[in-house]
Amino acid sequence: MTSRFTPALLALLLASSTLAASAEPMFNRVASFAVPGNAPEGQATETTSAEIIAASEDGRTLVYSDSPLGGIGFVDLADPRVPKGGGFLDMAGEPTSVTVVGGNALVAVNTSENRANPSGRLGVVSMTTRQETASCDLGGQPDSVAVSPDRSMLAVAIENERDEDVNDGALPQMPAGFLALLPLRNGAPDCTGLRRVDMTGLGDIAPEDPEPEFVSFNARGEIAVTLQENNLVAIVDPKTATVTGHFSAGTVALEGVDAKDDGQIRPTDAIEARPREPDAVKWLDENRLVTANEGDWKGGTRGFTIFSRDGTVLFESGAAFEHEAMRAGHYPDKRSDAKGIEPEGMEVARFGDEQLIFVLAERASVVGVYRDTGAAPEFVQILPTAISPEGAIAIPSRNLLAVANEADLGEDGGARSHVTIYERAEGPARYPEIVSGDKNGQPIGWGALSALSADPQRDGFLHAASDSVFKAAPTIYAIDATQRPARITDTMIVTRGGQPAKGMDIEGLTSDGQGGFWLANEGDAEKEVPHALVHVNAQGAIEEEVPFPAALLEGQTRFGAEGLAMADGKLWVAVQRPWKDDPKNTTKLLSYDPAAKTWGAVRYPLETASGEGGWVGLSEIAIHGDHAYLIERDNRVGEAARLKSVTRVALADLKPAPLGGELPTVRKEVVRDLRPDLANSGGYIVDKVEGLAIDAQGRGYVVTDNDGTDDSSGETHFWTVDGLAR
């Protein structure tokens, strides 16, 4: 798995890419605001969400809709690097969308008893007092809102959405939705002037049940409306309140995608033509529109499309956006048999002389940034978000972009809902920190990097392994960390009898010094997966499997081997958490001598966990010089994270005793607190720091496990620490 590039060529490529990156402004995340910080007193532990987001006209205040809490939240953006909670307002219903006109936030609120009896209103909220000052009955369940360029008109998509539990969600489900138009005066709606635009009779899927989804104005004041389940885009003249044109969004057949939820990323499948079923739509100019093709009922095509106003397809992204997510490690394999990364939200804005398109992928938790060229758009960069980006607002006057992320996993101890802030400035993009190249004409799919090891022959070159998330094809990755971002250049599948060794959970990896590797397989007795050490040759074929001895397994739990290193011919295994025979707040460092086939162990003292459900354990071990270096961490995320550290133990203290008897306890020394490193990304602190490697120069490399973008943002941090081992 050697690189096909020479070191000289790599240096040249790195230099040229660095120059190119610094030649144009790029977006970088500068802050994340945790939405629970705005929750009313006593409700911070309840489920929250930031869905649709808007900004005041001076760009210094954000307002977002929070459906679970039934209100809107405000964020003080005076300093974009330090966003502050600006309070919360209960809207007595479910806010579905929000925009700002002048001094007012206009909030669409769903007040429906049920889907068969839809109702809703438009709330008018003063941005100064943060209080509701007026309300308009909308006559149905609202979804998207948009304001005309001259601030004289508000359009509201009244979806009256279907109930997916009724008749398997099939259309039609009455009453029919429509488009509501309200005149605006000084930022306030004239409720008496509300007009309904009939959207029925369009297309041939369910013309009696249009279900308008998203609205957008162009510079002429025309409105584009997506009818998602009907796979249709309509154009409305607000002056006459009539539909002046419409077209089918059509179908797309995809190649080079992963269409199977099977524990591996293989973008080699094809999907027959299916409806685009666009969600968000934005005008690029008076004659072109761009749609995010999420799908809802029968479709979804994983990308975005640029149409002319008559429906002619001017550009189709196909699988290209999804491939960029794969290269960044954000591909959600568990969504492979559904709609993949699900592009849903969208923003279009002009920054300087460039018009940019921002495509939000709900399941990949990324924003794809594209430059509108008038023809095929150019991919610029990919931005990490919190979990499930839903809405975005560009603030060109301040070179900012804000994204609302709807998922809140706090109930399960995961990340909360966030608003993420990005700033555009000259200089390179700081994310991704590690990417993959292509192999056999397709992106190298990767994720869940749970083990890391330095190449003993070449500084700056590493190997990593994926864990049980990709159990169908346990993989060892070759990484060139001399580049920025680091680059996954090749892969090797671990095989047993010529077939992928399915079911492995590789949590530790170290070179055997002969071109092969020793792997630590974390077992689970309930799933009949053994705790074991596995030796593979240079081709990845298993040559030896060494199960943990019976004397050790008597106290086993599923929290087993989490790191593996070799010193003086002996393997050292870091066991993640205490087993049943371990004293409180201790775990084991196991020793195995492959030549003598003997086992031993010492105890490692763990810090005390904080909070209900909290635990502390080991995630990795690396050996350099006279010390073993370990990652000791808690399972906390974001502001709750207390411990993400590199510690070390002197090799002289690693004197293993036989299993089954008294074990000596080693002394540890804290080398580095990793929380500041993790916070440098501008996002929340992730929990799973799982990989550590140290090269011959003492330079440390650290990587996080992104859980394969399953109940995770998919974000992977990879960074170097010069002089970690001195």
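Thr-48 sits in the loop that runs between β1 (25-34) and β2 (53-55), with strands taken as DSSP E runs of at least two residues, numbered from the N terminus. The model is a predicted one, in which local features need pLDDT of at least 70 and side-chain atom pairs count only at pLDDT 80 or more, while totals for chains, interfaces and linings use all residues. Residues are numbered from 1 along each chain as its sequence is written, and side-chain values use heavy atoms, leaving out hydrogens and water.

At a relative accessible area of 1%, Thr-48 is buried (under 20%; exposed is over 50% and partly exposed in between, with a 1.4 Å probe and protein chains only). Its side chain makes a polar contact of 2.8 Å with that of Asp-408; such a contact is a pair of N or O atoms within 3.5 Å, one able to donate a hydrogen and the other to accept it, and residues adjacent in sequence count only if both atoms are side-chain atoms.

Turning to charged pairs, the whole structure holds 44 salt bridges, each a side-chain nitrogen of Lys or Arg within 4 Å of a carboxyl oxygen of Asp or Glu. One of them links Glu-669 to Arg-648, with the closest N and O atoms 2.9 Å apart. Glu-669 belongs to strand β52 and Arg-648 to strand β51 (residues 644-650), so this pair ties together parts 21 residues apart in sequence. Arg-648 is buried at 18% relative accessible area, whereas Glu-669 is partly exposed at 40%.

Terms used
Helix = DSSP H or I, 4+ residues; strand = E, 2+ residues; numbered from the N terminus.
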